[in-house]
Amino acid sequence: MTDATQAFIREHADDDVRQLALGRVPADVNLREALTQIEGRQLAARKLPLLAATDGILYPPRLSLEQCSSEATALYKRHLLEQLSIVHCPLSIVNFIDLTGGFGIDFMTLAPLFSRAVYVERNADLCAVVRHNLPLVGLPAAEVVCGEAEDILSGEPATAGTVLLIDPARRDAAGRKVALIEDCTPDVCALQEQLRRHAAYTLIKLSPMLDIVAALRALRGITDVHVVSVDGECKELLLVMQGGDASVAQQTDYDHIPIHCVDLVASSNPSSLLRSSFTFTLAEEHSTPQDYLLPSLIKSPSLTGEGLGEGLYEPNPSILKAGAFKTICQRFPVHKLAQHSHLYVSNTPIPDFPGRSWRIDDVSSFSKSDLRRLLAGVDAADLTVRGFPMSVASLRKQLHLREGGNTHLIATTLSDGTKLLLKVR
């Protein structure tokens with residue numbers, strides 16, 4: 001990178017890259033390269049604040065930054081490996097190979113735990129960026145290999161003292177998102193015997209859009225599933241695969257594999273990372289009877305006697321993704337409103353509920369008189385629908401409500417089809 005390009009990047013570090021792209025620049029400035037670095041640093045400042053604060057870091061194009069792990073999810077992976085180290089052998093004598101390194105956020109976070117760390121990536125441009133960055137983050141001895149994960153597994157000697165990380169790409173050759181683990185690249189299902197043979201443990205990072213049960217049916221040797229959310233948004237699935245004899249791995253009963261639903265805070269401080277954690281098994285969920293609120297308990301729009309309840313709860317996205325819809329009624333004093341709403345109510349305050357919570361101030365049916373009473377004096381509201389047969393826009397139009405204001409309304413449906421509008425805070 002020329003001195004003129006570096007000076008341009010420093011001068012315009014906080015400028016809008018779209019406006020910069022339209023402007024005139026000196027002939028000795030590589031505009032494409034400069035825009036990539038300016039945009040990369042701006043994205044990293046939000047997603048990767050520690051890295052963005054490191055001088056001299058090079059950034060890849062936008063797509064690689066969008067697809068890379070956040071610092072919070074990378075730190076959670078580090079926590080998992082440290083727990084495995086406590087149970088088994090010290091990581092300081094174990095090899096670590098990241099088979100699909102990408103921009104290297106996971107690699108940079110995990111590599112310091114190991115005696116030998118190898119970054120593998122098939123994209124030569126990303127390898128060059130990471131090779132430049134590793135000494136800047138204190139990893140001058142880390143190895144960078146440009147190649148395919150399959151070739152590395154074929155050439156690397158099998159050893160029980162290795163931890164692998166693999167994050168298959170979730171897009172096909174045309175750039176379309178794929179829905180099955182078998183369609184990701186590399187195909188973890190096809191590689192699973194090699195993974196188990198080469199490592200004590202493999203961390204398999206998957207898209208939160210992929211089906212957990214389908215993945216567990218396709219893979220053997222999985223000991224734990226981690227569904228990871230950050231600040232209320234589901235970010236990734238992590239499967240922990242144990243190495244060992246393939247015939248033993250074939251005996252895995254996926255219904256009893258622990259599924260850990262964690263919600264993290266977007267923080268670079270490991271001690272304040274975990275907001276909530278909820279662990280269950282599919283067998284537990286299947287054996288738990290559904291606990292719906294009986295519609296007969298809702299005797300009037302006002303919350304008197306045995307009415308709807310005082311607290312409304314919605315589990316965090318990691319729990320919803322994992323499907324612990326019934327188990328959560330066993331762990332907390334809540335009743336589910338309906339099968340598809342995923343809203344729960346309780347008359348008991350639950351300060352440690354793993355998700356969002358509101359206090360119910362009022363309830364209305366969708367009769368004109370009830371709506372007129374509940375919406376008296378309200379011409380603007382924050383409106384949400386859960387398990388309701390109308391979109392927010394359509395319902396807002398029907399209720400003649402503008403966006404904004406200090407009122408929060410949630411429209412939902414009970415198990416018998418009764419439609420309700422809840423005023424909450």
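This is a guided tour of one predicted model, from the whole chain to a set of salt bridges and then a pocket.

Residues are numbered from 1 along each chain as its sequence is written. Local features need pLDDT of at least 70 and side-chain atom pairs pLDDT 80 or more, while totals for chains, interfaces and linings use all residues; side-chain values use heavy atoms, without hydrogens or water.

**Whole protein.** Show everything as a cartoon. The protein has 17 helices and 16 strands, which are DSSP runs numbered from the N terminus (helices H or I, at least four residues; strands E, at least two). Of its 425 residues, 49% count as buried; buried means under 20% relative accessible area, exposed over 50%, and partly exposed in between (1.4 Å probe, protein chains only).

**K205.** Select K205 in strand β5 (residues 201-206) and D106 in helix α7, 99 residues apart. Their side chains meet in a salt bridge at 4.0 Å, N to O. A salt bridge here is a side-chain nitrogen of Lys or Arg within 4 Å of a carboxyl oxygen of Asp or Glu. K205 has a relative accessible area of 3% and is buried; D106, at 8%, is buried too.

Now extend the selection to K77 and D167: with D106, K205 and E236 they are linked in a network of salt bridges. The protein's salt bridges number 20 by this rule.

**E314 and R356.** Select this pair next; the closest N and O atoms of their salt bridge are 4.0 Å apart. E314 lies in strand β10 (residues 311-315) and R356 in strand β13 (residues 355-364), so the pair ties together parts 42 residues apart in sequence. E314 is buried at 8% relative accessibility, whereas R356 is partly exposed at 44%.

**Second largest pocket.** Select L50, E71, I105, M108 and T109, which lie nearest the centre of this pocket among its 12 lining residues. A pocket is an open set of points on a 1 Å grid over the protein atoms alone, where a 1.4 Å probe fits, with protein on both sides within 12 Å along at least five of seven lines; lining residues have an atom within 4 Å of a point. Helices α4 (49-52), α6 (71-87) and α7 (105-110) each supply at least two lining residues, and α7 gives the most, with three.
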